Amino acid sequence: MADTTSPAPDQPAPSTSRSADGVPDDAPAPIVPLAQLALADAVRDVEAHVAADGWDAPPRVFALVRTADAMAADPGLADRLPPEVVTAARGIPDHLVSVEQEGLPDVETLEDLLAGISWPDTVDGAAIVAERVILPPSAEEGLPTDPAAALAYLSSHPDRQDVRLAVGVLRDGTPWCAVRTRANDDGDDVAFGPDLVPGLVDGLRATFE
């Protein structure tokens, strides 16, 4: 049984070394569900796939399907997938394959794009990749309200930072994100995590409601 006795009033509590985010250095790493690990791999692959085509690209949307289920539905799929993907799918039930969605509607915002998407029951998750311009808060104070003027302002601002956002969610809402900056356009400099782009995560979740 764990000892829950508090230190005496004149005794300092035992010190514990902590990292910058307040987590003890010797704390065990959080256990990530296998399904989220599979989603993380899928988002990483989708981001790298889109990155190979360079910058200044429109949003791209992908359906995510459990690879084993996809191969069962289409026996010829295994012959069209890379051998390492087939091997992984046979050993990892949650392994996902991505299917890019063609013919996306021409809309003004990502919100409008996501609002028009819904998925059949055969789709286990979805991912979206989009580019954004980030400015420091001080620069956003001068952002014009006129859309054309705002675009010109963003395009010419010296402190702008171009980023590529890749976000995936499973049907149950489990998220994973990847963020790459144009200034550090290297696969080793991509940031990953479940909650890096919460607004886009929520928008993608809504496509399964």
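The legends below accompany close-up views of a predicted model.

**View 1. Overall arrangement of helices and strands in the predicted model.**
The protein contains eight helices and six strands, and from the N terminus on its elements follow the order α-β-α-α-α-β-α-β-α-α-β-β-β-α. Of the 209 residues in the protein, 33% are buried. When contacts between residues at least 6 apart in sequence are considered, 64% of them join residues at least 24 apart. The protein exposes about 13,000 Å², of which carbon and sulfur atoms supply 54%.

**View 2. The open sheet of six strands.**
The six strands are arranged in the order S2-S1-S3-S4-S5-S6 and form an open sheet in which the pairing is antiparallel. S2 and strand S6 (191-193) stand at the edges with a single partner strand each, so one side of each has no neighbour in the sheet. On average, and with direction ignored, neighbouring strands of this sheet are turned by 20° against each other.

**View 3. Pairing of strand S3 with its two neighbours, S1 and S4.**
On one side, S3 (125-134) is joined by five bridges to S1, and the two strands run antiparallel; within this pairing, Ile-128 in S3 is the bridge partner of Val-61.

Strand S4 (161-170) is mostly covered, since nine of its ten residues are buried. Seven bridges join S4 to S5, and these strands run antiparallel. Among the facing positions, Arg-164 stands opposite Arg-180 in S5, while Gly-168 stands opposite Trp-176 in S5. The two strands form a hairpin with four residues between them, and in the turn Gly-173 has a positive phi of about 100°.

**View 4. Helix H1 and the strands that cover its buried residues.**
Helix H1 comprises residues 34-51, and at 1.5 Å a residue its 18 residues should span 26 Å, which agrees with the 26 Å that separate its end C-alpha atoms. The buried residues of H1 are Gln-36, Ala-38, Leu-39, Ala-40, Ala-42, Val-43, Val-46, Glu-47, Val-50 and Ala-51. What covers these buried residues includes strands S1 (60-66), S2 (96-100), S3 (125-134), S4 (161-170) and S5 (175-181).

**View 5. Helix H8 and the elements against which it packs.**
In helix H8, which spans residues 198-205, Leu-200, Val-201 and Leu-204 are buried. These residues cover an arc of only 105° around the axis, and this places them on the same side of H8. The elements against which the buried residues of H8 pack are helix H5 (110-115) together with S3, S4 and S5.

Not counting residues up to four places away in sequence, Asp-124 touches Leu-64, Val-65, Arg-66, Leu-96, Leu-170 and Arg-171. Among these contact partners, Leu-64, Val-65 and Arg-66 belong to S1 (60-66), Leu-96 belongs to S2 (96-100), and Leu-170 belongs to S4 (161-170).

Leu-77 lies in helix H3, which is formed by residues 77-80, and Leu-77 is buried, with a relative accessible area of 14%. Leaving aside neighbours within four places in sequence, Leu-77 is in contact with Ala-70 and Met-71. The C-alpha atoms of Leu-77 and Thr-67, which are ten residues apart along the chain, are separated by 9.3 Å.

Key. Residues numbered from 1 in each chain as written. Predicted model: local features only at pLDDT ≥ 70, side-chain atom pairs only at ≥ 80, totals over all residues. Heavy atoms only, no water. Expected span 1.5 Å × (residues − 1). Buried < 20%, exposed > 50% of the residue type's maximum accessible area, 1.4 Å probe, protein only. Contact = heavy atoms within 4.5 Å. Pairing = 2+ DSSP bridges. Axes fitted to C-alpha atoms, helices over the stretch in contact; angles between N-to-C directions. Arc of directions from axis to C-beta. Areas by Shrake-Rupley, 256 points an atom, 1.4 Å probe, with all protein chains shown as cover.
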